[in-house]
Amino acid sequence: MSQPDLSLSLQFADPRHKALLPRHKVIRWMRAALELPGEMTVRIVDAQEGRTLNHEYRQKDYATNVLTFDYSHEPVVAADLVICAEVVEREARDMGLDLTAHYAHMLVHGTLHAQGYDHEEDDEAEYMEARETEVMLALGFPDPYKK
């Protein structure tokens with residue numbers, strides 16, 4: 001089955017992991033999670049920018065791993081993903097995860113959010129996590145929820 005087209009703007013406000021995130025890999029990981037064509041921006045930020053955005057848009061005063069700003073779900077998925085390099089690095093270290101795999105997971109997770117997937121309710125979380133696992137395994141990464 002062919003994957004949907006993806007128009008991607010990839011920005012590095014925090015370049016510390018730029019070598020781990022070559023454009024072709026980011027596109028591959030995100031397309032694997034897309035169900036419709038997409039027009040998306042991914043911005044890798046530092047903790048200060050991540051915290052500012054999380055506070056401004058979610059009223060939470062800390063940097064989080066990924067923020068998804070979804071603008072349309074169809075006919076084209078349009079969204080911005082903001083990924084905080086420091087948070088992703090810390091989570092990977094604390095959980096004993098490969099940093100590249102954790103970035104791939106955050107990109108898949110954010111791409112699913114951009115399409116309306118959510119995890120606020122238990123049944124939604126179960127469905128979203130199953131889809132994340134399916135995509136990650138298809139990409140050759142381990143199940144991100146298996147401890």
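Helix axes here are lines fitted to C-alpha atoms over the stretch in contact, and angles run from 0 to 180 degrees between N-to-C directions. This is a predicted model, in which local features need pLDDT of at least 70 and side-chain atom pairs count only at pLDDT 80 or more, while totals for chains, interfaces and linings use all residues. Residues are numbered from 1 along each chain as its sequence is written, and side-chain values use heavy atoms, without hydrogens or water.

Start with the whole protein in cartoon view. There are 5 helices and 4 strands, where helices (H or I, at least four residues) and strands (E, at least two) are DSSP runs numbered from the N terminus. Along the sequence they follow the pattern β-α-β-α-β-β-α-α-α.

Next, show the C-alpha atoms. Taken along the principal axes, they fill a box of roughly 40 × 35 × 35 Å.

Colour by accessibility: 47% of the 147 residues count as buried, meaning under 20% relative accessible area with a 1.4 Å probe, protein chains only.

Now select residues 23-33, helix H1, and residues 99-114, helix H4. The two pack at an angle of about 45 degrees, with their axes 8 Å apart. H1 and H4 are therefore oblique to each other, the class left after under 35 degrees (roughly parallel), over 145 (roughly antiparallel) and 65 to 115 (roughly perpendicular).

Show side chains at this pair. Val26, Trp29, Met30 and Ala33 in H1 meet Thr100, Ala104, Leu107, Val108, Thr111 and Leu112 in H4, with contact meaning heavy atoms within 4.5 Å. These contact residues divide into 8 nonpolar, 2 polar and no charged; Ala, Val, Leu, Ile, Met, Phe, Trp, Tyr, Cys and Pro count as nonpolar, Asp, Glu, Lys and Arg as charged, and the others, Gly among them, as polar.

Notes
Buried means under 20% relative accessible area, exposed over 50%, partly exposed in between (1.4 Å probe, protein chains only).
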